[in-house]
Amino acid sequence: MSIIQQHTQASLSDAWRTINIDALDPDSSQNFDTSTLHPPLPEIGEADVRQLNAQVRQLLRGGDFEGALRGCLESPVYNGNDSAKESHMQTVVEVLQSIKASEMTPMLQRIYSSQGGSELLDVLMKYLYKGMSGGSSSGGLKTPTRGLTPQATGFSQIGSRPVGTNESTGTAMSVLLSWHEKVVDVAGLGSIERCMTDWRKV
């Protein structure tokens with residue numbers, strides 16, 4: 001074998017394909033912890049959520065609906081377990097259902113025009129989408145499971161449906177959709193975009 005043939009075979013080797021280029025790049029994500037890009041969020045336990053929910057319900061009983069809504073939105077549960085998030089979600093839905101339709105837009109306008117109001121409405125939008133997606137199980141927002149009974153005809157018979165649960169589901173969904181419309185009217189479509197792209201989830 002000639003020297004030219006040996007050189008050609010060495011240069012055509014596929015060994016270069018095994019080199020991890022990203023490991024050699026100092027700006028690559030492999031060379032630093034990407035979790036440091038997000039600031040740490042305070043962890044909220046179930047006891048903290050229960051205390052907050054109690055304060056919000058006290059404001060509701062006192063007739064301060066705007067204060068109750070602000071209380072929910074100023075303390076969203078980003079870093080907490082599922083039960084804490086679920087409990088806070090139920091409180092948010094309870095507050096939204098307690099507010100009259102005629103008071104929605106004026107209340108949202110007051111919140112939006114206040115300091116940090118845009119962020120509060122973004123938080124509200126997150127809870128609206130979570131509720132509409134069925135993220136709240138105990139509040140009747142999920143479609144109830146219906147049992148199927150096999151019949152001799154080969155078809156399945158749907159069992160009796162829990163009418164009260166379905167009515168609760170429809171009422172809650174109607175309230176969430178109404179609030180969604182009002183939030184978009186006040187904060188604009190940008191609120192939806194910020195909600196979808198924010199890495200912090202409720």
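Predicted model: local features only at pLDDT ≥ 70, side-chain atom pairs only at ≥ 80, totals over all residues.
**Exercise 1. Work out whether Asn-53 is buried or exposed, and which residues it meets.**

Step 1: Start by placing the residue. Asn-53 sits in helix H3.

Step 2: Check its accessibility. The cut-off for buried is under 20% relative accessible area. Asn-53 has a relative accessible area of 3%, so it counts as buried.

Step 3: Look for partners, skipping residues up to four places away in sequence. That leaves Ser-87, His-88 and Thr-91 touching Asn-53.

Step 4: Now look at side chains. Those of Asn-53 and Thr-91 are joined by a polar contact of 3.1 Å.

**Exercise 2. Find which side of H3 is buried and what it packs against.**

Step 1: Get the helix dimensions. H3 runs for 16 residues, and its first and last C-alpha atoms are 22 Å apart, close to the 22 Å expected at 1.5 Å a residue.

Step 2: Pick out the buried residues of H3. These are Val-49, Leu-52, Asn-53, Val-56 and Leu-60.

Step 3: The buried residues of H3 pack against H4 and H5.

Step 4: Turn to the face pointing away from the buried side. There you'll find the exposed residues Arg-50, Gln-58 and Arg-61.

Step 5: Look just past the helix. Gly-63 follows H3, and its phi is positive, near 90 degrees.

**Exercise 3. Identify which residues touch the most other members of the largest nonpolar core, then follow the contacts of Leu-69.**

Step 1: The core has 39 residues, and Leu-69, Leu-96, Leu-124 and Trp-179 touch the most other members.

Step 2: List the contributors. Helices giving two or more residues to this core include H3 (46-61), H4 (65-74), H5 (82-98) and H8 (163-187).

Step 3: Follow Leu-69, leaving aside neighbours within four places in sequence. Leu-69 contacts Val-95, Leu-96, Ile-99, Met-107, Ile-111 and Trp-179.

Key: Residues numbered from 1 in each chain as written. Heavy atoms only, no water. Core = buried A, V, L, I, M, F, W, Y, C linked by side-chain atoms within 4.5 Å. Buried < 20%, exposed > 50% of the residue type's maximum accessible area, 1.4 Å probe, protein only. Helix = DSSP H or I, 4+ residues; strand = E, 2+ residues; numbered from the N terminus. Contact = heavy atoms within 4.5 Å. Polar contact = N/O pair within 3.5 Å; in protein donor to acceptor, adjacent residues only side chain to side chain. Expected span 1.5 Å × (residues − 1). Arc of directions from axis to C-beta.
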